[in-house]
Amino acid sequence: MFLNYYFPTKIAAKRIAAGKWGCNNGQACIAPDFIITTQAFAPKLLESLKKVLEKFYGKDPLLSADLSRVVNASHFGRLKGLMDEEMVSDKIVFGGHRDEQQLKIAPTIFLDVPLDSAIMKEEIFGPLLPIITVDKIHESFGLINSMAKPLAAYLFTRDSELQNQFEGAISAGGMLFNDTSIHLTNPYLPFGGVGESGTGSYHGKFSFDAFSHRKAVMNRGFAGEARARYPPYSAPRLKILKGVLEGKLGDMIQAILGFPRGK
């Protein structure tokens, strides 16, 4: 997901928070894994996210009944390892609190973690959200495409030209503008991945198509024998066969008329 600054920041922050932490505290396949925005806009976004998260979960999120637990101890340990990596631990700008007994981790935001850190190399599937900054928003395109293809890509902007560029340049299973996660609820849109994020799609009729086999059936008559099809093969016959496979009209006509006549 990435953002430029031509949109209502407070609304965007609420929708980001709902898609990240409201979706089982980040433990959902369509939860945003990271944000890319400009250095100039990052402070404003961060401030909005802090206010929204405090409103959602209180001053101590670990006490909130609305914050989901981490699914198990093993997953908790993996997330703890991502947070405690030496090159990442000092990049926490919000949150970071955890309670291993309750299997709870507070919403945690990082700013400009190294791109070669573990948190940027694997799917987080938890309440950790790195924010990566760039000088110009179009620098994001190459960065996103250098990573594994995402299941979902989000863009917040009122710039229709940027939306078109994003849609054309970014390969992702699905795409949503100015919100997160809710495309999953639309039965008229296919839901699925591409490349590393999955194969195929489902929802509504797309589910029927995904699990249906389209059986090919062909019926032909007994006229129109192509001599070039059968052995013994000669150079002229092979030339015609190759032309037929390549869709060359002249060779297709010769095959239908039964050329070459000889061997």
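## Salt bridges

A salt bridge is counted here where a side-chain nitrogen of Lys or Arg lies within 4 Å of a carboxyl oxygen of Asp or Glu. By that rule the structure, which is a predicted model, holds nine salt bridges. Side chains of opposite charge can pair when their charged atoms come close.

Lys59 pairs with Glu54, and the closest N and O atoms of the two are 2.7 Å apart. Lys59 is exposed at a relative accessible area of 73%, while Glu54 is partly exposed at 38%. Between Lys248 and Glu246 the N to O distance is 3.3 Å. Lys248 is partly exposed, with 45% relative accessibility, and Glu246 is also partly exposed, with 46%. For Arg214 and Asp209 the closest N and O atoms are 4.0 Å apart. Arg214 is exposed at 70% relative accessibility; Asp209 is partly exposed at 28%. Salt bridges also join Lys80, Asp84 and Arg98 into a network.

## Helix α2

Helix α2 covers residues 42-57, which is 16 residues. After α2 comes Gly58, which has a positive phi near 80°.

An α-helix has 3.6 residues a turn, so residues three or four places apart point the same way. In α2 the buried residues are Ala42, Leu45, Leu46, Ser48, Leu49, Val52, Leu53 and Tyr57. Viewed down the helix axis, the buried residues of α2 fall within an arc of 165°, and therefore they line one face of the helix. Pro43, Lys44, Lys51 and Lys55 are exposed on the other side of α2.

## Aromatic pairs

A pair of aromatic rings is described by the distance of the centres and the angle of the planes. Ring centres within 6.5 Å count as a pair, and planes over 60 degrees apart make it edge-to-face. The count by this rule is three aromatic pairs. One of them joins Phe56 and Tyr57: the ring centres are 6.0 Å apart and the planes stand at 90°, so this pair is edge-to-face. Phe56 is partly exposed, at a relative accessible area of 31%, whereas Tyr57 has 7% relative accessibility and counts as buried.

Phe141 and Phe166 also form an edge-to-face pair, with 6.4 Å from centre to centre and 85° between the planes. Phe141 belongs to helix α5 (residues 139-145) and Phe166 to helix α6 (residues 160-169), so the pair ties together parts that are 25 residues apart in sequence. Phe141 and Phe166 are both buried. Ring pairs link Phe141 and Phe166 with Phe177 in a cluster.

## Nonpolar surface patch

A nonpolar patch on the surface is made up of Leu249, Ile253, Ile256, Leu257 and Phe259. Together these residues have about 490 Å² of accessible area. Ile253, one of the patch residues, lies in helix α9 (residues 249-257). With a relative accessibility of 42%, Ile253 counts as partly exposed.

Terms used. Residues are numbered from 1 along each chain as its sequence is written. Side-chain values use heavy atoms; hydrogens and water are left out. Rings of Phe, Tyr and Trp (its six-membered ring) pair if their centres lie within 6.5 Å; planes under 30 degrees apart count as stacked, over 60 as edge-to-face and the rest as tilted. Buried means under 20% relative accessible area, exposed over 50%, partly exposed in between (1.4 Å probe, protein chains only). Helices (H or I, at least four residues) and strands (E, at least two) are DSSP runs, numbered from the N terminus. The expected span of a helix is 1.5 Å times one less than its number of residues. The arc is that of the directions from the helix axis to the C-beta atoms. Patches are made of residues with over 30% relative accessible area and no salt bridge: like charges are joined within 9 Å, nonpolar side chains (Val, Leu, Ile, Met, Phe, Trp, Tyr) within 5 Å. Accessible areas come from the Shrake-Rupley method with a 1.4 Å probe; for residues, only the protein chains shown count as cover.
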